[in-house]
Structures are given as C-alpha cells and as structure tokens.
Amino acid sequence: MTGMQQDNGSFSSVALRHEAARIQLARISVARDRPLRNAVRALAAIVAETVDVARLSIWLLSADNRSIRCEFLYQPHTRDVFEGSVLYAQDFPNYFRAMSARRVIAVTDVRNDVIVEEFRAAYFDPLGITSMLDAPIYANGRIAGIVCHEHIGEPRQWTTADCEFAANVADIIARLHVESQRLQAESTLGSVQSHVMELQRAGTMGRLAAGMAHDFRNLLGAVTGYAELMASTAPDNEKLQGYSRELLHAVEHGTELTQELLTLSQELPCRPVVADLEQVLLNYRSLLAMAAGGRVALEMDLAHDLCRVFIDPAQIERAVLNLVVNARDAMPDKGSVLIRLYTAAPHADEGQHVVIEVADTGCGMDISTQELMFEPFFTTKGDSGTGLGLAIVQQIIHHAGGHIEVDSKPGEGTRIRLYLPGISSHS
C-alpha cells in the first residue's frame, strides 16, 4: 500500500501506544448526558496525540454520494475546532474513487501521489500538509464517511500499525454514530423528512433551470449568428449596423442570464481553494464600489487574521456582488453599504465560521418578502429583475456548507450575514 511500511517488532513502543489508545477509545460512548459532539471531541484529542498529527478530521458522505461534509476538524496545536466545509466528487474525482476502493489511503508525500494530486494547490500547499492518512468509515456495509489524519513537516512514512489504528478509529466513529442515531431517531424524524423534501425540491428546480439554460443558449446562438450575418451583408448601412449592435448587446445580457441559470443548476464547475476572505474581499473592493454606484457609499470593516475557508473565490465575489447590487437598488436616492468580516460560532460549542455581513440603509423588507426572498424567480424589481440573484447567493453559500441569516424591517434597512465554515487557522 502506498506510503506504508512494516513495523519492526510486534511490541514496539508505537504499537503499545496504539493499544493504550484503543482502550481509551473503547470507553467512549454516546449517551443522553454525553452527546455525539462531546464523544467526537474526546476521540479527536486521543487520536491526534496518539498518531501525532497536525490535523484530525471526520467527514460524512452525503446521501447521494456526491460530496463529503466536515463534521469535526481538530487542530491540536491550537485546539481550534472547525466544521461544515464540503468537498464535492465533481471537483476531486480521483480521491472519491480511491475512497471507495481502499480500506486505508496512506500517502507519504502528497507532492508525488496521483490520488491526491487534485488537492495539492487548492488544499495541501496553503495548509502546509505533506502527508495524509485516511480511512473510510463504514456503516451497514457501505461507506458513510472518512477519518483524515494530516501531517505537517517532513514527509512521513506511515507504518502498518498507523494504518491499522486509523482503520480501527474509523470503526469506532461508525459505532458512535450508530449510538447517536439510535438516541435521536424519534426526535429528528420530522426535521429529516422536511430536509429531504427541501433537497428534492432544490434538485427539481436545478434540473428545470439547467434545461431552460441549455434551450436559451441555443436560441442565443441563433440570434448571434443572424445578427452577425445581418451586419456583414450591409457594412455601409449605419442604421442596420446599429440594429445589429443592439441585438448583440441583448445577447450579452441573455448570456449573463444563462450563466445565472447554470449556476442555479450547479452545472458550472467550481475551483475551491483554502482562501483568506479578507484578501478575497480586498481584491474585489474596486469592483464592489463600482457596483454600489456613485450615490451609495461603500464601506468595509474587515477583521484580520481570521480562520480560512474552503471555497471558490470567484463564487464569493459573485455572492457579495449580488448583495451589494440588491442593497444599491433598495436605496433609490442615497445611502450606504457596510461590508463586515469577522469570526463567529453560529451556536454554542460549534466550530468557527467566517461571517460576511452586508448591511444597507435602504427601505428594508417585511416578513412576507423575507420568506420569499431566496425563492428562484421571486423579485420586487418588476421587469428589471430576474429573481435569480438571491437564489444564487443561497446556492453558493449552501454549496460551501454555510448558511445565511437575514435581519430586516421596513424603513430600517437590511442586514444579511453569510456564514462560511472555517477549514483552518489563519497560519
């Protein structure tokens, strides 16, 4: 197996340390007075110390097998906890194939292994990770997730004992989840059914949007062809040339709408990386100021040295740009938009999230508007709005494992907070 070597001696100090840790882990359980999160926290501390890794994380596989979501990520040197980041099979196909084909994925040097090549520039290099040991978590005979051990420093040769221990840890995590599910089955049944219905509805809407986008793109191609043909047949007819330019300009707007529909259908490829959102927003500051317009003052209050997130920076630019444009349109005379960046935990004892907050001094929204504001094709702008901007914002944030909060009252402006799960400390 890649990155694995045999131990010398069946009772080496490493083997004895692993055996002592197994005894500790066997005593961890989930009960009503000890929820799953507490059990996982205790497990992570023991495993990170035993295997001596810089990062220990647990990722759960989605029901459709298309993504894994970080349930718990622990950095022992800082004692930081993160959760919520999402990795998609479409972005990392080689790794997902390996995950389903191996009991342990042991990589000595991430710079030279094709299995994890997809992660190198986006994930390993920014975090300084050199070696990786992953073990799939099985439940009911199927892969349910993966436990990941990440090493920083000189490349590390994983021993047979390390790999066996990682597989044991994966089995213990599976046991803890079974215990937790048994305790929570009745209380969570209603919310799970509601969530499934929401996902099914979102999938139907995505397929509808994709079909519309493809058909619309074909029509735009025909319009473009005829507009160019019209211009070429009468190069000296200024009026006809003007009509052609207007048609092509309309096609450009139609293309933008097509891209929005494709984004809504999740067909546009993403390039997620470990990103510093302060730097991302600073890079787009001039673009955001232009979007706000001359009558609206744009201000930024960006905290420094925040935890990093795993997301496509272009998607963040698109989400914030949509919010700034919406804020501008809510202030027809004048006003201000404040973009804040800070760290927060959405709920007690949850992992760190980076929050992008966009607040305006505009007209605000009533409750009925807030209930519909993220619905595709819902707009308060009449014929000038597509009703896709906020739906796309929600889709981008949910795609990254985050969520959105909204505070607004008529006449008192609107404050929208985008919560994005952290993936690592700043440095």
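## Close-up views of helix packing and aromatic pairs

View 1. Helix α4 is followed by G128, whose phi is positive, near 75°; helices here are DSSP runs of H or I with at least four residues, strands are E runs of at least two, and both are numbered from the N terminus. The model is predicted, with residues numbered from 1 along each chain as its sequence is written, and local features need pLDDT of at least 70. Side-chain values use heavy atoms, with hydrogens and water left out, while side-chain atom pairs count only at pLDDT 80 or more and totals for chains, interfaces and linings use all residues. Within α4, which spans residues 120-127, the residues R120, A122, Y123, F124 and L127 are buried (under 20% relative accessible area, with exposed meaning over 50% and partly exposed in between, for a 1.4 Å probe and protein chains only). These buried residues pack against the strands β2 (55-61), β7 (129-139), β8 (142-152), β10 (273-275), β12 (308-311) and β16 (414-424), where contact means heavy atoms within 4.5 Å.

View 2. One aromatic cluster is formed by F92, Y95, F96, F119, Y123, F124 and F310.

**View 3. Packing of helix α8 with helix α9.** Helix α8 (residues 285-292) packs with helix α9 (residues 313-329) at an angle of about 25°, and their axes lie 8 Å apart; axes are lines fitted to C-alpha atoms, for helices over the stretch in contact, and angles run from 0 to 180 degrees between N-to-C directions. That angle makes α8 roughly parallel to α9, given that angles under 35 degrees count as roughly parallel, over 145 as roughly antiparallel, 65 to 115 as roughly perpendicular and the rest as oblique. On the α8 side the contact is made by L287, L288, A291 and A292, and on the α9 side by E317, V320, L321, V324, V325 and R328. N326 also has its place in α9, and at 26% relative accessibility N326 counts as partly exposed. N326 and A292 are 34 residues apart in sequence and 9.1 Å apart in space, C-alpha to C-alpha.

**View 4. Packing of helix α1 with helix α2.** Helix α1 (residues 13-26) and helix α2 (residues 36-51) pack at about 180°, with their axes 10 Å apart. That makes α1 roughly antiparallel to α2. In this contact R17, H18, A21, Q24 and L25 of α1 meet L43, I46, V47 and T50 of α2.

**View 5. The surroundings of H177.** H177 lies in helix α5, which covers residues 160-233, and at 12% relative accessibility H177 counts as buried. Leaving aside its neighbours within four places in sequence, H177 is in contact with L36, L60 and E71.

Definitions and conventions. Phe/Tyr/Trp six-rings, centres within 6.5 Å; stacked < 30°, edge-to-face > 60°.
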